[in-house]
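Please look over the sequence and the structure shown below before reading on. The report that follows takes up a few residues, helices and strands in turn.

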Amino acid sequence: MKPIVQLVEEWTAFEAESEQHSVEAFCRYYLQKQRPKPKHPGKKGERIMNGAFLLKTVGRIMSAYSLYFRSAVAHIEAGPAENFYYLNSLMHLGEVRKSDLINHMFAETTTGMEVINRLIRQEEVEERPSPDDKRAKLIKITDKGMKALDEYYKVSGKVVEMTFKDVADEVLLDCYEMLKYCEQRNSVKAIENKNKPFDRMYEDIMEDKGN
């Protein structure tokens with residue numbers, strides 16, 4: 001098969017699988033296909049170990065990032081790192097119920113409420129009764145909260161640089177593209193199953209058609 005014909009066929013397959021039809025996205029897609037396949041694709045034990053190794057790697061990267069970031073916020077004498085995570089999420093979500101923000105953070109209700117109430121006391125978040133449900137409170141970030149967020153952003157960029165020093169941009173993009181679906185799927189399924197016993201949680205997630 002001529003290379004140009006093979007390239008056209010690969011592009012056709014790429015268009016059917018991806019929502020991003022740019023040359024850059026295609027190149028990442030094609031290079032990913034060329035990577036060596038697992039020795040026993042689909043074999044449960046190997047799949048679990050591969051997933052465990054990936055989680056260990058991602059977890060240790062996040063642990064290093066958290067260590068750097070805690071040091072950074074202490075250096076600028078800002079509030080704890082949790083303040084940044086909640087303010088940043090609330091800025092992107094807009095005005096939402098407290099429970100919506102807590103679920104978005106995958107937090108326990110008690111822990112999430114502690115952080116939110118602290119931000120309300122600091123006047124970085126404000127609340128009001130929901131017009132649709134008087135039992136619920138809507139919260140949103142304030143101007144003071146935005147100023148605090150700006151201070152966090154000044155150091156968070158440096159922390160990201162530290163975490164991924166010497167990692168090429170194309171590698172970061174590849175990792176993002178490959179794991180984006182996994183993140184999006186688990187963001188939905190984890191919240192849906194948050195309060196279920198583990199056996200029911202496992203059954204629901206593993207029987208999902210998207211698995």
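In this predicted model, residue S89 is found in helix α4. With a relative accessibility of 11%, which is under the 20% that marks a residue as buried, S89 counts as buried. Leaving aside its neighbours within four places in sequence, S89 is in contact with L101, H104 and M105.

Helix α4 itself, which covers residues 81-93, lies across β1, β2 and β3, and it runs at about 100° to β3. These 3 strands form an open sheet in the order β1-β3-β2, with antiparallel pairing. Because β1 (96-97) and β2 (125-129) stand at the edges and each has a single partner strand, one side of each is left without a neighbour in the sheet. In regular strands, the side chains alternate between the two faces of the sheet.

| Strand pair | Bridges | Residues opposite |
|---|---|---|
| β1 and β3, antiparallel | 2 bridges | R97 and L138 |
| β2 and β3, antiparallel | 5 bridges | E127 and I139 |

Strand β3, the partner in both rows, is made up of residues 137-141.

Helix α4 also meets another helix, α3, which spans residues 44-75, and the axes of α3 and α4 come within 9 Å and cross at roughly 100°. An angle from 65 to 115 degrees counts as roughly perpendicular, and α3 and α4 are therefore roughly perpendicular to each other. On the side of α3 the contact is made by Y65, S66, F69 and V73, while A81, F84 and Y85 contribute from α4. What is the make-up of the residues in the contact of α3 with α4, in terms of nonpolar, polar and charged? They divide into 6 nonpolar and 1 polar, with no charged residue among them.

Helix α3 has 32 residues and reaches 46 Å from its first C-alpha to its last, which is close to the 46 Å expected at 1.5 Å a residue. Its buried residues are Y65, S66, F69, A72 and V73, and the buried residues of α3 pack against α4 and also against α7 (143-163). Just after α3, residue E77 takes a positive phi of about 55°.

A further residue to look at is G112, which lies in helix α6, made up of residues 109-121. Is G112 buried or exposed? G112 has a relative accessible area of 0%, and it is therefore buried. Not counting residues up to four places away in sequence, G112 touches Y86, I102 and A107. The C-alpha atoms of G112 and K98 are separated by 8.4 Å, although these two residues are 14 residues apart along the chain.

Definitions and conventions
Residues numbered from 1 in each chain as written. Predicted model: local features only at pLDDT ≥ 70, side-chain atom pairs only at ≥ 80, totals over all residues. Heavy atoms only, no water. Pairing = 2+ DSSP bridges. Helix = DSSP H or I, 4+ residues; strand = E, 2+ residues; numbered from the N terminus. Contact = heavy atoms within 4.5 Å. Axes fitted to C-alpha atoms, helices over the stretch in contact; angles between N-to-C directions. Buried < 20%, exposed > 50% of the residue type's maximum accessible area, 1.4 Å probe, protein only. Parallel < 35°, antiparallel > 145°, perpendicular 65-115°, else oblique. Nonpolar A, V, L, I, M, F, W, Y, C, P; charged D, E, K, R; others polar. Expected span 1.5 Å × (residues − 1).
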